[in-house]
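Keep the sequence and the model side by side for this walk. We will go through charged pairs, helix packing and the surface in turn.

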Amino acid sequence: MTTEKTDSTVNPVESDSLRGEVLEDDGEVFKNNAEHANFRALGLWVSPDFRVASHALIADERIPTIIVLIKLCFATGVLSIPAALGVVGYGPGVVLLALWSALTMYYAFVMYQFRMKYKGIHNIVDAAALMGGPIAREATGALFLLTWTQVLPYHLCTGSGFVGLSQGLKILANGKGCNIVWTLIAAIATGILSSIRTLGKLAILTWIGFASIFTAVFIVVVGVTTIDRPAAAPKEGPFDLGVIAVGHPGFVAGLVAALNLFSGFGSTSTFMPVMAEMKVPRTFPKALFISQGLLVACYISFGLVVYVYCGIYVASPSLASAGGTLEKVAFGISIPGFIMTSTLWTHVAAKFLFVRILRGSDHLQSNSVKHWVSWLSSTISLTIVSFLLAEAIPFFSLILGLIGSLCCSPTCLVIPGCMGLYMQRGNYKSSRKIMALCTLHCVTIVGGSFMAIAGTYTTIQSIVDAYASDSVAKAFSCS
């Protein structure tokens, strides 16, 4: 085992963990079986290897990492996929979904490798600190918080979290009530639930959240195949769905659609904190491959069915595509899923702040006043910021689309690509396999950077167009 000098905040230790020779508490931020708060309660499933352990350990292992990983992604993209397919066509759309799935899954695995090789890494910010020092740490920390607080409501505008929940509540209320009130209800629910300290204790709610959003989407998928015409189609007379195999969008529209498809996999930067709360982190790859395999299968099948049966009349979010009673049923069932989406994202962002404040302190896993003040301050402050930003900025989705371009591509692709290169430093030409992997990392870094720059351009252009068409909403509007 060798020790590598780094910033004192991270203090990683290189180990033989990639070969499975790892002490599960060696260098970990959270310790197993802590006296007070046991953050390490996530497992893969009940393994025969653990049946000889205590009943408490077996109970912990019933909390599956797989569900947490799926829920972190599922609902951020599935509700906007059909509309994106309508722009690029279902052929290129399926190819893009498969490409984004493969890339983000592979680089999530690279993050796992990096974390296990350099012990003490809790999140992507720690990894950046190791590679680039304090400046990289602060810049990546800002990106991470922007992604999971400000970008949070952006995803909600496409059907998840605060805005998704407020839209669902308003639909159930037959359009009555003010958006601000419904969004405030979503924020309060998120603030309360995200304050539960460990992902392990959020597990049952995560199960419920995933089941609800999955069921809601499934109802819409079945529903659109049974109705005579989509809700947005003409009420009488013939109509053309306009389903296309290959679309020919302009640069701006095509890139926006590609980024919308990418957003369904854009939560992989949150997977490192999940590893930190696993009882046995080296089982993470199994959870990753199973969860992401199920995720892309759901995205492709659900997205294709809804698009083929709704065509140009598909709604975004897609829960509204069937209309009528089915729309109300879908939104009603999806409410727990919307709540858990925003809850998990807020929880992960708050956990980053919490660990940053108390890392290495006895208060990190205690029940002290300092522990609780630090934790509740993190969750409540981030919830308040998300609510205010969701309501205060007139062209919020456009501004957050800009931040999403600058944040999601770097945290999911560019920084993990740098991790891959960092692990191979000094060995770039040692074998053809290493050379091929390093080439892939370089291409990913360049491609991710292009997505960030081009996404910024397209969003700025959308902002200009919104002002030109006078379509910018007012701040704190009840409309």
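Begin at Arg 359, which counts as partly exposed because its relative accessibility is 23%. The model is predicted, so local features are taken up only at pLDDT of at least 70.

The side chain of Arg 359 meets that of Asp 126 in a salt bridge, at 2.3 Å from N to O. Arg 359 sits in the loop between α12 (324-358) and α13, while Asp 126 belongs to helix α5 (residues 124-157), so the pair ties together parts that are 233 residues apart in sequence. Asp 126 has a relative accessible area of 5%, so it is buried. The cut-off for buried is under 20% relative accessible area.

Why can such residues pair? Side chains of opposite charge can do so when their charged atoms come close.

Stay on helix α5 for another pair. The side chains of Glu 138 and Arg 356 form a salt bridge at 2.6 Å, N to O. Glu 138 lies in helix α5 and Arg 356 in helix α12, so this contact ties together parts that are 218 residues apart in sequence. Glu 138 is partly exposed, because its relative accessibility is 41%. Arg 356 is partly exposed too, with a relative accessible area of 36%.

Helix α12 also supplies Lys 351. Its partner is Glu 277, and their side chains meet in a salt bridge at 2.3 Å, N to O. Glu 277 lies in the loop between α10 (271-276) and α11, and Lys 351 lies in helix α12, so the pair ties together parts that are 74 residues apart in sequence. Are these two residues buried or exposed? Both Glu 277 and Lys 351 are buried. As for shared partners, salt bridges join Arg 137, Glu 138 and Arg 356 into one network. How many salt bridges are there by this rule? The count comes to four.

Now turn to helix packing. Take helix α2 (residues 65-73) and helix α11 (residues 284-310). Their axes come within 9 Å and cross at roughly 40°. That angle makes α2 oblique to α11. The crossing of α2 and α11 is right-handed.

Helix α2 also packs against helix α8 (residues 203-224), at an angle of about 50° and with the axes 9 Å apart. Here too α2 is oblique, this time to α8. The crossing of α2 and α8 is left-handed.

Go back to helix α11 and find Pro 285. Pro 285 has a relative accessible area of 13%, so it is buried.

Met 419 is buried, because its relative accessible area is 0%.

Finish on the surface. Which residues form the nonpolar patch there? They are Trp 372, Leu 376, Ile 380, Ile 384 and Leu 388, and together they have about 410 Å² of accessible area. Look at Leu 376, in helix α13 (residues 369-392). Leu 376 counts as partly exposed because its relative accessibility is 32%. A residue needs over 30% relative accessible area to join a patch.

Definitions and conventions:
Residues numbered from 1 in each chain as written. Predicted model: local features only at pLDDT ≥ 70, side-chain atom pairs only at ≥ 80, totals over all residues. Heavy atoms only, no water. Patch = residues over 30% accessible without salt bridge, like charges linked within 9 Å, V, L, I, M, F, W, Y side chains within 5 Å. Areas by Shrake-Rupley, 256 points an atom, 1.4 Å probe, with all protein chains shown as cover. Helix = DSSP H or I, 4+ residues; strand = E, 2+ residues; numbered from the N terminus. Buried < 20%, exposed > 50% of the residue type's maximum accessible area, 1.4 Å probe, protein only. Axes fitted to C-alpha atoms, helices over the stretch in contact; angles between N-to-C directions. Parallel < 35°, antiparallel > 145°, perpendicular 65-115°, else oblique. Left-handed = near helix turned anticlockwise from the far one by under 90°.
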